[in-house]
Amino acid sequence: MHDNNNHDDAKPDNSDRDSPHEVGSGDHRKLGREQSLFTTHELVGAGLPLWLPDGAVIRAELEKFAAERADAAGCRRIYTPVLAKRELFERSGHWDKFADDMFPPMRLGGEEFVLRPANCPHAALVYAAQQHSYRDLPIRLAELGSMFRSELSGVLGGLARVRQINLDDVHVFCTEEQIEAEVSAAIPQIHSAYGVLGIDVDYYRLSLSGPKRQYLGDPQLWARAELLLARVLDELQLPYRAVADEAAFYGPKIDVQVLDAGGREETLSTVQLDFNQPERFDLSYIGSDGSRHRPVMIHRGLLSAMERLVAQLIELYRGVFPPWLAPVQVSVLPISAAQQAAAEAVLDQLRVAGLRGEIAAADSSLGRRIRLARDRRIPYLAVIGEREVADDSVALRFRDGRQRSMPVQQAVGGIAAVSRSRSRSLDLP
Ligand SMILES: [Zn+2]
């Protein structure tokens with residue numbers, strides 16, 4: 001039931017995209033500049049984007065969405081530092097297998113610190129900080145963590161290749177018997193989140209070890225882990241491709257593959273199985289037999305890296321963001337300066353309802369201001385003239401051209417409900 005063909009209900013609202021004000025081409029770098037979502041600066045460096053306020057709105061909403069979904073999936077939140085002593089990554093195996101992709105160490109006193117290339121070792125130490133019984137498992141630790149890659153500046157551009165990756169990351173610690181249930185639950189959670197966003201899965205990739213690269217750990221454990229992931233995909237009846245030499249160095253994974261606007265394949269979310277790091281960090285839980293056992297670690301992200309996801313969404317929506325992600329959700333337009341105070345009162349109500357509004361003051365013709373707001377693809381315009389002031393209403397214009405007059409309270413409540421529901425339609429309830 002979770003196959004690729006089942007995404008027809010998850011496409012962006014096409015009726016909303018037919019307007020003559022189509023924004024730019026499909027490249028997120030160009031769209032991001034045109035819409036003032038992010039920028040870079042030579043003093044900061046390539047691959048280190050600065051999120052401008054409108055882009056930050058989108059990211060913050062996605063982070064809130066990820067946090068809510070993590071809560072609903074039984075995760076607990078942690079915060080850990082973005083750097084650690086080099087020894088941590090020697091222990092995890094990253095230093096051995098991944099050092100070329102890491103920033104060089106920083107010396108401080110007699111110690112060396114490195115920016116982390118992954119959040120997993122910190123999460124493993126959070127698990128290890130307390131003793132756990134089999135009754136506590138699975139333990140699911142969520143962190144929207146920053147990690148770093150020493151990408152060469154030549155390959156950097158926009159949000160797709162960056163040197164700081166902000167990952168919606170979950171590490172599950174469980175018994176071997178729980179692996180199947182945990183992986184089986186993770187995939188539909190990803191699928192459901194993509195459904196909200198309107199992202200189509202191209203296919204699932206079962207990323208296996210192979211002859212070309214070096215992997216960590218016992219080949220027998222690898223074989224078992226790879227078999228298990230294949231079984232979960234079979235049981236979920238998902239079409240997938242098994243590909244050699246795409247695994248993480250510590251374990252096999254299921255990659256959720258999507259296409260960008262140029263038709264290029266990208267990995268968005270992943271679910272990874274790991275028998276190695278629990279071993280390396282000597283993680284344990286007390287079993288029902290009273291003795292120590294080794295948990296398994298599952299690395300999974302729901303929404304993946306914020307940079308990659310936002311790049312994907314910029315290209316998917318082409319500036320026509322659904323109301324919950326729109327940087328400005330409602331523009332309030334007084335017909336003349338006489339309605340400025342009423343417009344400000346409406347703006348206050350929008351803010352109290354948790355909505356992002358602005359006033360397009362009456363310094364030019366109404367027609368011109370409506371066109372400007374339409375060009376910015378603001379979902380709702382609330383026009384206020386003498387009649388609207390008199391009966392406490394607004395003439396609401398939808399981005400797709402529809403118009404409806406209604407009491408201010410009804411408009412504010414309706415738009416707030418659409419935003420809360422994360423619907424991609426503009427329809428008020
Ligand atoms: Zn991890």
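**The mixed sheet and its surroundings**

Guide: This is a predicted model. In it, 5 strands make up an open sheet with mixed pairing, in the order S17-S16-S18-S19-S20.

Visitor: Which are the edge strands?

Guide: Strand S17 (357-359) and strand S20 (403-407), each of which pairs on one side only. On average, neighbouring strands of this sheet are turned by 25° against each other, direction ignored.

Visitor: How many bridges join S16 to S17?

Guide: There are 3 bridges between strand S16 (residues 330-334) and S17, and the two run parallel.

Visitor: Which strands does H11 lie across?

Guide: Helix H11 (residues 366-375) lies across S16, strand S18 (380-384) and strand S19 (393-398), and runs at about 175° to S16. H13 lies across S16, S18, S19 and S20, at about 115° to S20.

Visitor: Where is serine 421?

Guide: Serine 421 lies in helix H13, which covers residues 408-421.

Visitor: Why is it called partly exposed?

Guide: Because serine 421 has 13 other C-beta atoms within 10 Å, and partly exposed sits between the cut-offs of 12 or fewer for exposed and 20 or more for buried. Its C-alpha atom is separated by 17 Å from that of alanine 70, 351 residues apart along the chain.

Visitor: Switching to the core. Which residues have the most contacts inside the largest nonpolar one?

Guide: Ile298, Val346, Ala382 and Ile384, in a core of 107 residues. At least three residues of this core come from each of domain 1 (20-317) and domain 2 (330-421).

Visitor: What is isoleucine 384 in contact with?

Guide: Leaving aside neighbours within four places in sequence, the contacts of isoleucine 384 include Val332, Leu333, Pro334, Ala342, Val346 and Val394.

Visitor: And S15, is that strand enclosed or exposed?

Guide: Strand S15 (residues 296-305) is largely enclosed by the rest of the structure, because 10 of its 10 residues are buried.

Visitor: Which strand pairs with S15 over 7 bridges?

Guide: Strand S8 (residues 164-174), in the antiparallel sense; there, aspartate 168 stands opposite serine 304 in S15. Strand S12 (residues 265-274) also pairs with S15 in the antiparallel sense, over 4 bridges, and valine 271 has arginine 300 in S15 as its bridge partner.

Visitor: Last one: where does pLDDT stay under 50?

Guide: Over residues 1-24. Where pLDDT is low, the predicted coordinates should not be read in detail. The protein averages a pLDDT of 90, and 93% of the residues score at least 70.

Technical notes. Residues numbered from 1 in each chain as written. Predicted model: local features only at pLDDT ≥ 70, side-chain atom pairs only at ≥ 80, totals over all residues. pLDDT = per-residue confidence, 0-100. Contact = placed C-beta atoms within 7 Å. Pairing = 2+ DSSP bridges. Axes fitted to C-alpha atoms, helices over the stretch in contact; angles between N-to-C directions. Core = buried A, V, L, I, M, F, W, Y, C linked by C-beta atoms within 7 Å. Domains from an automatic or database assignment.
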